Amino acid sequence: MVRLWGDFDAESIHVVERVTYEVLHSSRAPVVFDLRHVTFANTALLNHLIALHRHRRVGLVGADRLMRLMIEVSGAALPVFPDLSAALSALSADDTP
């Protein structure tokens with residue numbers, strides 16, 4: 001799980017990109033982003049999540065109303081879960097034959 005906090009825009013997305021790179025190289029598991037403490041996110045974060053979702057299963061926890069709206073408007077198939085347990089359960093179920 002990757003916990004994010006603070007603001008994310010074009011100036012600060014590099015932090016998320018660096019952490020995501022480390023996660024991708026250390027594990028093949030789905031990536032869950034905890035967004036409960038994100039105070040602002042624009043399309044820079046959304047675009048990062050969409051790009052990652054092309055290569056790895058991604059789940060979001062704690063997406064606020066604006067993030068959910070951006071996901072819906074973009075047509076991105078990013079699943080939003082009520083909590084970490086639900087995210088891990090659903091994403092691990094994708095691994096079963």
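1. A quick definition to start: a residue counts as buried when its relative accessible area is under 20%, as exposed when over 50%, and as partly exposed in between, using a 1.4 Å probe and protein chains only.

2. A word on what you're looking at. This is a predicted model, where local features need pLDDT of at least 70 and side-chain atom pairs count only at pLDDT 80 or more, while totals for chains, interfaces and linings use all residues. Residues are numbered from 1 along each chain as its sequence is written, and side-chain values use heavy atoms, with hydrogens and water left out.

3. Now the layout. The protein chain has 4 helices and 4 strands, and from the N terminus on they run β-α-β-α-β-α-β-α. The radius of gyration is 13 Å, close to the 13 Å that the globule rule gives for 97 residues, so the chain is as compact as a globular protein of that length. (That radius is taken over C-alpha atoms, and the rule is 2.2 Å times the number of residues to the power 0.38; helices are DSSP runs of H or I with at least four residues, strands are runs of E with at least two, and both are numbered from the N terminus.)

4. On overall dimensions, the C-alpha trace spans about 40 × 30 × 20 Å along its principal axes. Contact here means heavy atoms within 4.5 Å. Of the contacts with a separation of 6 or more, 72% are between residues 24 or more positions apart.

5. Have a look at helix α1, residues 13-26. Its 14 residues reach 20 Å from first C-alpha to last, close to the 20 Å expected at 1.5 Å a residue; the expected span is 1.5 Å times one less than the number of residues. I13, V16 and T20 are its buried residues. Seen down the axis, they fall within an arc of 55 degrees, so they line one face of α1. The arc is that of the directions from the helix axis to the C-beta atoms. In general, an α-helix has 3.6 residues a turn, so residues three or four places apart point the same way.

6. What does the buried side of α1 pack against? Its buried residues pack against β1 (2-8), β2 (31-41) and α2 (43-53). The face turned away from that side carries the exposed residues Y21, H25 and S26. E22 also sits in α1, and at 48% relative accessibility E22 counts as partly exposed.

7. S12 is buried, at 18% relative accessible area. A polar atom of its side chain lies 3.1 Å from the backbone oxygen of D7.

8. D34 lies in strand β2 and is buried, with a relative accessible area of 1%. Leaving aside neighbours within four places in sequence, D34 is in contact with M1, V2, R3, L4 and V61.

9. Last, helix α3 (residues 65-74), whose buried residues are M67, M70 and I71. Seen down the axis of α3, they fall within an arc of 100 degrees, so they line one face of the helix. Their cover includes β2, α2, β3 (58-61) and β4 (80-81). On the other side of α3, R65, E72 and V73 are exposed. At the start of α3, a side-chain oxygen of D64 reaches to within 3.2 Å of the backbone nitrogen of L66, and after the helix comes G75, with a positive phi near 80 degrees.

Methods:
Polar contact = N/O pair within 3.5 Å; in protein donor to acceptor, adjacent residues only side chain to side chain.
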